[in-house]
Amino acid sequence: NSRRDFFKNTAALSVSAVAASSVLGPVKAFASGQDDPAIVGEAEWGVKLGDPVDKNLYGVPSPYEHNNIRRVTDLLSSGDMYASISMCPIHESEGIITPNGLFFTRNHGGTAHVDPNEYRLMIHGKVKREVVLTLDELKKYPSETRTYFIECPANGSPEWRAPQFNNLQFMKGMMSCAQWTGVMLKTILDDIGLEDDAAWMLAEGSDNAGNPRTIPVAKALDDIMVVWGQNGEALRAEQGYPIRLVVPGWEGNLNTKWLKRLEFSNKPWHSKEETSKYTMLQKTGKAIQYFWPNEVNSVITKPCPEKPWTHLKKGDLVEIEGIAWSGHGTIKHVDISFDGGDNWVEASLKGLVLPKCWTRFSYMYKWDGKPILLSSRATDDINNTQPTLDEETSAVGVENVYHRNGLVTWEVTGKGEVNNVHIRKHKKAQELYHWIKYSFSSIT
């Protein structure tokens, strides 16, 4: 028929044109009797009516994307799924915005379901005018929309001694990035006034855990937001509906969900969550308290154990892509190494480059089919650079839980398989690598 004849007559031209584009792999030419049915045949969905527009009045993902979900593991729970965490599939993320349904969730006592009509925010203590605000009263203030990441400080925590997961989602999925809409806390505080000696703020949620945390007033007057919107819609329940704090760049647990009250004082509170946990353990056995900003960090998302190069052939040109972020500011540049950190080349930053926000980086690479040790290293605008694992553990030891930002390295085998490895005390490229490898089937 004419459809088949058209594709036959243009086959040589099409293959020649595609082959000239080195980004794409070899294209199979289908001879007579070997026509590609996906091209010459009629697709099932093209010969019948689709769903009516009123089938899903709130949109849902394609059923073919069923693997793109948050995941949990017993290793990172407290014995149940109430005080636990669900991990964002960052290997599937596109751009810098995490969809609300995939945004990682960390709870200390389950997800609270708050009636917005009964919601109240109390602001008291060392303020000139104590107030109790309803949701509608909060929304009377001028709103802003800003894009920030939120990261649990325990992101990557199982990996201090050696690799534990051959799976990026469980390695680095305790973070996500979103557009947040709400009022700057400074706007509210300018309205009600602070006492001159107000130096500290306590943020507490209305869920059963409360999760009270102490935050310096200087941060409250800088960039903290009281938010009700996420990615263009109301907060989801698991993200603190109807109101949460967003504390840009700082530990995720400071971003109090189901926000109930803000109290101001001249002294910190030393609550349970900032004494027994969320401290920075040192090699001496002592811990630094009130250790807030998340350090400069990066990870390559393609390839990774879930996104290997097993489909590539020798000589294929492929994009290496990843995410960089810093709680101290803006990503300045990202470098990539193919030998575990001995030599580096600069990657390109993609799209928007914003402070305290995910930043995409990219590098086009012609794979020769040989094994490589693939690492990324980010630097922010105040010249903080990711440390090697040796530099990190020599400073704080291996018994820590929080604030791990050492280099992540993927071993890409000659078959294109990708494994999580640790590079320790590595020598120059012409010498032997000393690295610890922990490889097993990817968790799916």
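What pLDDT does the protein average, and what share of the residues score at least 70? I started there since this is a predicted model. The average is 89, and 88% of the residues reach at least 70.

Entry: I noted residues 10-21, where the pLDDT is below 50. Beyond near neighbours in sequence, this stretch makes four contacts in the model. Residues 427-444 also have a pLDDT below 50, but I found 42 contacts for that stretch, again beyond near neighbours in sequence. A reminder to myself: where pLDDT is low, predicted coordinates should not be read in detail.

**Entry: aromatic rings.** With ring centres within 6.5 Å taken as a pair, I get twelve aromatic pairs. I looked at Phe103 and Phe104: their ring centres are 5.8 Å apart and their planes meet at 20°, so I logged the pair as stacked. Both Phe103 and Phe104 are buried. I also followed ring pairs through a cluster made up of Trp309, Phe338, Tyr363, Tyr365 and Trp367.

**Entry: a charge over a ring.** I checked Trp344 and found the charged end of Arg377 over its ring, 4.1 Å from the ring centre.

**Entry: cavities.** How many cavities of 30 Å³ or more does the structure hold? I counted four. The largest cavity has about 240 Å³ of space. Its lining takes in 20 residues, and those nearest the centre are Arg106, Gly252, Asn253, Asn255 and Lys257. I sorted the lining of the largest cavity into seven nonpolar, nine polar and four charged residues.

How values were computed. Residues are numbered from 1 along each chain as its sequence is written. This is a predicted model: local features need pLDDT of at least 70, side-chain atom pairs count only at pLDDT 80 or more; totals for chains, interfaces and linings use all residues. Side-chain values use heavy atoms; hydrogens and water are left out. Rings of Phe, Tyr and Trp (its six-membered ring) pair if their centres lie within 6.5 Å; planes under 30 degrees apart count as stacked, over 60 as edge-to-face and the rest as tilted. Buried means under 20% relative accessible area, exposed over 50%, partly exposed in between (1.4 Å probe, protein chains only). A charge sits over a ring if NZ of Lys or CZ of Arg is within 6 Å of the ring centre and within 35 degrees of the ring normal. On a 1 Å grid over the protein atoms alone, a cavity is a set of points where a 1.4 Å probe fits but cannot get out, and a pocket is an open set with protein on both sides within 12 Å along at least five of seven lines; lining residues have an atom within 4 Å of a point. Grid points are joined across faces, edges and corners, and a volume is the space filled by probe spheres set on the points. Ala, Val, Leu, Ile, Met, Phe, Trp, Tyr, Cys and Pro count as nonpolar, Asp, Glu, Lys and Arg as charged, and the others, Gly among them, as polar. pLDDT is the predictor's confidence in each residue, from 0 to 100. Contact means heavy atoms within 4.5 Å.
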